[in-house]
Amino acid sequence: MSDSLLYIVSTPIGNLGDLTPRAIEVLRQVDVIAAEDTRHSKRLMNHFGIDTPLIPCHDHNERHQAEMIVQRMGSGQSVALISDAGTPLISDPGFHLVRTVRAAGFRVVPVPGACAFIAALSVSGLPTDRFYFEGFLPAKGTARRKRIDSLATFPNTWGVYESPHRIMDLMDDLVTVLGGEKYITLAREITKTFETVLAGTVAEVQAILKADSNQQRGEFVVLVEGYKEPENSEISPEVEKMLQRLMEELPIKKAASVVADLTGLRKKELYDLGLVMRSGE
Ligand code: SAM
């Protein structure tokens, strides 16, 4: 085992005060800093008077850079990896680098700090004893809804990263797949000037975003309450009647979706019931 180290250094997700003293010290002391976007990170380094050379390490050159970094470490250099914001490897590059460096027998040392998902979770008011991080959902609508559907019965808090371009589409998809009554927390612009945390049903949060386009700007973490088995999973005769009546006017899928919105019951459960009712007609 050599003395050369690879440090995985978290940087701020907005507020520059979140760069820890240890991170500053490490970034000053290493021989080179591998950065996702060197121009972006140069500004952060200038702010803290850090003049360590920066080399690019991003999705498109990471495998090659990993080999180069192992060579540097073999000649006694220590290296720090940073991403544009937050903790490297968390929806950011670094996985191949860490693997390669560890496989070559060098130590990889975490220098922890900000991570948007953990920051959002900590203020969400949702259970945090167990949780699941989905990262970014697929960009295409159908794939995204499929993925949300696969998480619909996940029993613990789960969450995603989302960009301003897709936040309203995500709200629509959450309503479509999970129903408007699902409880969520949306954390926007954490640690920045317009930091906002909205908690409520998807329908409520969606209405706030619709009413104020400023609320659609910035960076988002969306956390979703885990699925709870309904106390009495029997669908009441009234709901059954409502579904029956709607199915006379609408396709089963649409009827199930409307009833899910109105009752908070799972669309899938209502859809399955609709299929059974239709087959018995
Ligand atoms: N590695 C980063 C981390 O540790 O959080 C995440 C990088 S990922 C490429 C960027 C996404 O993280 C954004 O699209 C947004 O969903 C989320 N994010 C980053 N900064 C944020 C902030 N200040 N407030 C809310 N979400 C943020």
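I started at serine 124, which sits in the loop between helix 5 (116-123) and strand 6 (131-136). Helices (H or I, at least four residues) and strands (E, at least two) are DSSP runs, numbered from the N terminus. The model is predicted, so I kept local features to pLDDT of at least 70 and side-chain atom pairs to pLDDT 80 or more, while totals for chains, interfaces and linings use all residues. Residues are numbered from 1 along each chain as its sequence is written, and side-chain values use heavy atoms, without hydrogens and water.

I checked burial next. Serine 124 is buried at 5% relative accessibility (buried is under 20% relative accessible area, exposed over 50%, partly exposed in between; 1.4 Å probe, protein chains only). Leaving out residues up to four places away in sequence, serine 124 touches Thr185 and Leu223 (contact means heavy atoms within 4.5 Å).

Then I turned to salt bridges. I counted 11 (a side-chain nitrogen of Lys or Arg within 4 Å of a carboxyl oxygen of Asp or Glu).

I looked up arginine 144 and found a salt bridge with aspartate 173, closest N and O atoms 2.7 Å apart. Arginine 144 lies in helix 6 (residues 141-151) and aspartate 173 in helix 7 (residues 167-178), so the pair ties together parts 29 residues apart in sequence. Arginine 144 is buried at 3%. Aspartate 173 is buried at 4%. A salt-bridge network links Arg144, Arg145 and Asp173.

I also noted arginine 245, which bridges to glutamate 249 with closest N and O atoms 2.8 Å apart. Arginine 245 is partly exposed at 44%, and glutamate 249 is exposed at 56%.
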